[in-house]
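The following note sets out some points on a pocket and on the aromatic side chains. Please read it alongside the coordinates.

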Amino acid sequence: MKIRRIVLTLIIIGLACLAYVIWSMCLSDTKVAFVNYQSITLGQISKAAKDVDVKLAMVDPEDFDNLDDYNFVMINGMGLRITEEQRGILLEKVKKGLPVLTTMATNPDNDIVSLDSISEKTIKKYLSAGGRANYRNMLVYIRRNIDGKTIGTSAPDAPVMRRFGQFYHIDPANPDDEDLEFFSLADYENFLKKNNLYRDKAPRIIVTGVMGDAGSLVDSLEKTGNVVYPVRDFKAAVRGRQVDTISPSAVINMAHGRLGDFAVDYLKKANIPLFSPLNVNSLVSEWESDKMGMVGGFMSQSVVMPEIDGAIRPFALFGHYLGDDGLENLSAIHGRLSEFVNTVNRHIALKTKPVKDKKLVIYYYKGPGNTSLTASGMEVVPSLFNLLKALKNAGYTVNNLPQTSEELGKLLQQQGSVYN
């Protein structure tokens, strides 16, 4: 009797082990590791993976020891920084059979590919074509052709080059789907009118750049009474005179770096303010706990370069949050979107607000003491007096302005005292 039980137990254990092996080889999730991928791109790939048995993860080079847990590794080689030791670990994994594909390698030593030429070309085509349909088919291809799991999935469609329109917008009926594309200004405005998003006398705002979450920004701007034009190529819109037709009250550039002299000259001539909200390009929790915030080249590209274009309000608006799938998702930082949109709307309102109703704050330099109203050789009091006179002549409300700069100086000493 005991022997029967032992035999039966061994059979059950054997069957369980066999079932686990079959499940692991044929039915388990395909695990794909992404190295050095932008959260914007990875977020789109993640949305395409919802109905595919594929799990995605971001892996840092310092965690290359853990790559054995994955069925496939995709590496963005552009700007990839890895040590000799990390590269050695990766190459050792490749020797043991780990499938790896590196694209856009700027360093030849990092151009590590262990796929056959057909698989390499096919996956690269899916990536370059972009769009959720291509990304979904890419993941199905990886599951079937790289991981060898064909049960439950049909063969993927071939890569299809996606056409991107000059204008785009979230589909109001299916907000979780891919953006709708529009190839002419007339088609885009017809879409706005059909969806009650067009107002004849409302301010027009152009949103451009790819470093932010256009969907939430556009939605917030629309809800506060604006007609919004998300534009993929602002320079082309200027050259093609689309901007003239739109006649925007403001331009919001969600890209780090410069727009360039050509676009800036146009904005200056047309007196259109340029806003440059920032993507902190890291987890919001990490950014908030970092007392330095932005430093070095990242700060110069994010703040200094846009300001050379005359951009204003370099406001930290976008950042990364961890999603339910463990991946970083780009989103507007909680509590900051309404503040930024309110600032844009106030600037636009200044264009039509009567000068007499505008309120200005003027900061001037004054140290302690009676003879301190100077700054680097500049005469502070006469300069302030001339500024206030010019504002009054321009129609601003300037009450109780003294007759001379000397009288203004006495007033500042009496009412603007500064103590050590």
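**Points on the predicted model**

1. Helix H14 (380-393) and helix H15 (405-415) each contribute at least two residues to the lining of the second largest pocket. The model under discussion is a predicted one.

2. The volume of the second largest pocket is about 430 Å³. Its lining comprises 20 residues, of which Ile 362, Leu 388, Val 398, Asn 399 and Leu 401 are the closest to the centre. Sorted by class, the lining of this pocket holds 13 nonpolar, three polar and four charged residues.

3. Nine aromatic pairs are counted in the model. In one of them, Tyr 126 and Tyr 141, the ring centres are 6.2 Å apart and the planes stand at 55°, so the pair is classed as tilted. This pair links distant parts of the chain, with Tyr 126 in helix H4 (residues 117-129) and Tyr 141 in helix H5 (residues 132-146), 15 residues apart. Tyr 126 and Tyr 141 are both buried.

4. For Phe 182 and Tyr 188, the ring centres lie 5.4 Å apart with the planes at 75°, so this pair is edge-to-face. Phe 182 counts as buried at 10% relative accessibility, and Tyr 188 is buried with a relative accessible area of 0%. Both rings belong to a cluster that ring pairs form from Phe 167, Phe 182, Tyr 188, Phe 191 and Tyr 229.

5. Charged groups also sit over aromatic rings. The charged end of Arg 239 is placed over the ring of Phe 262, at 4.4 Å from the ring centre. Likewise, the charged end of Arg 336 sits over the ring of Phe 315, 4.7 Å from its centre.

Terms used
Residues numbered from 1 in each chain as written. Predicted model: local features only at pLDDT ≥ 70, side-chain atom pairs only at ≥ 80, totals over all residues. Heavy atoms only, no water. 1 Å grid on protein atoms, 1.4 Å probe; cavity = no way out; pocket = protein on both sides within 12 Å on 5 of 7 lines; lining within 4 Å. Points joined across faces, edges and corners; volume = space filled by probe spheres on them. Helix = DSSP H or I, 4+ residues; strand = E, 2+ residues; numbered from the N terminus. Nonpolar A, V, L, I, M, F, W, Y, C, P; charged D, E, K, R; others polar. Phe/Tyr/Trp six-rings, centres within 6.5 Å; stacked < 30°, edge-to-face > 60°. Buried < 20%, exposed > 50% of the residue type's maximum accessible area, 1.4 Å probe, protein only. Lys NZ or Arg CZ within 6 Å of the ring centre and 35° of its normal.
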